[in-house]
Amino acid sequence: ADWYEQHVAESGAINFDGASRINLGLTVERIDMLLTYQRADALNQVRAPTLVVGARDDGIVPFNHSEKLAQLVPGARLQALDGGHFSPVTSTDTFAGVVSSFLNPHP
């Protein structure tokens with residue numbers, strides 16, 4: 001939340017009638033995709049090594065979604081981070097270390 005507040009959030013009241021940086025059509029398409037696209041039943045067919053990274057303090061994608069995903073993929077490794085929804089940015093070194101260790105387990 002702090003990182004978002006410092007880097008993305010705009011100060012003052014939102015002017016809903018003013019110009020927006022947000023592409024509303026794309027936003028609607030993304031919401032539609034999130035509500036209608038389901039592939040959970042196919043996740044048990046994944047055979048590749050899988051790393052699921054989620055942030056315990058993510059206010060957009062709750063951590064229990066990461067936990068569920070890791071449970072559905074056989075042998076998946078779950079890694080919990082802190083840093084909110086932007087944890088790859090807010091905790092870059094930690095995130096990079098986790099991914100690097102997964103991709104190169106024996107340096």
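Visitor: Where is the place of Pro105?

Guide: Keep in mind that this model is predicted. Helix H5 covers 92-103. Pro105 has its place in the segment after helix H5.

Visitor: How many Å apart in space are Pro105 and Glu5?

Guide: Along the sequence, 100 residues separate Pro105 from Glu5. Go from C-alpha to C-alpha through space, and the distance is 36 Å.

Visitor: What about Asp93, buried or exposed?

Guide: Asp93 lies in helix H5. Its relative accessible area is 72%, and the mark to pass is over 50%. Therefore Asp93 is exposed.

Visitor: What distance separates the C-alpha atoms of Asp93 and Gly54?

Guide: Along the chain, Asp93 and Gly54 are 39 residues apart.

Visitor: Is Ser87 buried or exposed?

Guide: You'll find Ser87 in helix H4, residues 87-90. Leaving out residues up to four places away in sequence, Ser87 touches Ala55, Leu81, Asp82, Thr92 and Phe95. Buried means under 20% relative accessible area. Ser87 has 5%, so Ser87 is buried.

Visitor: How many bridges join strand E1 to strand E2?

Guide: Strand E1 takes in residues 51-55 and strand E2 residues 77-81, and the two run parallel. Leu51 stands opposite Arg77 in E2, while Val52 has Leu78 as its bridge partner. The number of bridges joining the two strands is 5.

Visitor: Through which helix does the chain cross from E1 to E2?

Guide: The path from E1 to E2 is a β-α-β crossover, and a right-handed one. The helix on the way spans residues 63-72, and its name is H3.

Visitor: Which element supplies the largest share of the lining of the second largest pocket?

Guide: That pocket has a volume of about 420 Å³. Helix H2 (24-36), E1 and H3 each give its lining at least two residues. The largest share is 5 residues, and it comes from H3.

Visitor: How many nonpolar residues are in the lining of the second largest pocket?

Guide: The lining has 15 residues, and Gln38, Ala40, Leu43, His65 and Leu69 are the ones nearest the pocket's centre. Sort the lining by class and you get 3 polar and 2 charged residues. The nonpolar ones number 10.

Notes:
Residues numbered from 1 in each chain as written. Predicted model: local features only at pLDDT ≥ 70, side-chain atom pairs only at ≥ 80, totals over all residues. Heavy atoms only, no water. Pairing = 2+ DSSP bridges. Helix = DSSP H or I, 4+ residues; strand = E, 2+ residues; numbered from the N terminus. Right-handed = clockwise from strand over helix to strand, strands pointing away. 1 Å grid on protein atoms, 1.4 Å probe; cavity = no way out; pocket = protein on both sides within 12 Å on 5 of 7 lines; lining within 4 Å. Points joined across faces, edges and corners; volume = space filled by probe spheres on them. Nonpolar A, V, L, I, M, F, W, Y, C, P; charged D, E, K, R; others polar. Buried < 20%, exposed > 50% of the residue type's maximum accessible area, 1.4 Å probe, protein only. Contact = heavy atoms within 4.5 Å.
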